[in-house]
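Dear colleague,

Please read the notes below with the structure open beside them.

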Amino acid sequence: MQEALNARIGVKTRDMDEKQQVEWVLNYVRAMQQEMAELTDSVPWKWWAKYQEFDKQNARVEVVDLFHFLISTAQVLGMSADDVYEAYLKKNAVNHQRQDSGYTKKDEDDSRHI
């Protein structure tokens, strides 16, 4: 579905050369940063302001917006839904191993197999 939406917008994530991949990864990261800001604004984060309310419905919409851009980023990198799922499972296992070991030192090598 995301590939179809991107194509409708005019972005074809398949067969991008490296320069285009860099461009679109950065575009999507910037978009996700904006969506994160919008998500932040959905919760009362200003401890000095009394007027704010938790807009849970909007927060949910912002999370879905993040997924749109995250899926697009994965597609730019040539990842299918199955690729993302498999990488998630492997990275989740690494995160659990880090917690089990106390995560006392940074070790980038523990994620190289993902």
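Is Ala59 buried or exposed? Ala59, which has its place in helix H3, is buried, because its relative accessible area is 10% (buried means under 20%, exposed over 50% and partly exposed in between, with a 1.4 Å probe and protein chains only). Ala59 and Thr40 are 19 residues apart in sequence, while their C-alpha atoms are 8.0 Å apart in space.

Please note that this is a predicted model, in which local features need pLDDT of at least 70 and side-chain atom pairs count only at pLDDT 80 or more, whereas totals for chains, interfaces and linings use all residues. Residues are numbered from 1 along each chain as its sequence is written, and side-chain values use heavy atoms, with hydrogens and water left out.

Trp48 lies in the loop between helix H2 (18-40) and H3, and it is exposed, with a relative accessible area of 51%.

The largest pocket holds about 380 Å³ of space (a pocket is an open set of points on a 1 Å grid where a 1.4 Å probe fits, with protein on both sides within 12 Å along at least five of seven lines, and lining residues have an atom within 4 Å of a point). Of the 16 residues that line the largest pocket, Ile71, Gln75, Met79, Ser80 and Ala81 are the closest to its centre.

With kind regards

Methods:
Grid points are joined across faces, edges and corners, and a volume is the space filled by probe spheres set on the points. Helices (H or I, at least four residues) and strands (E, at least two) are DSSP runs, numbered from the N terminus.
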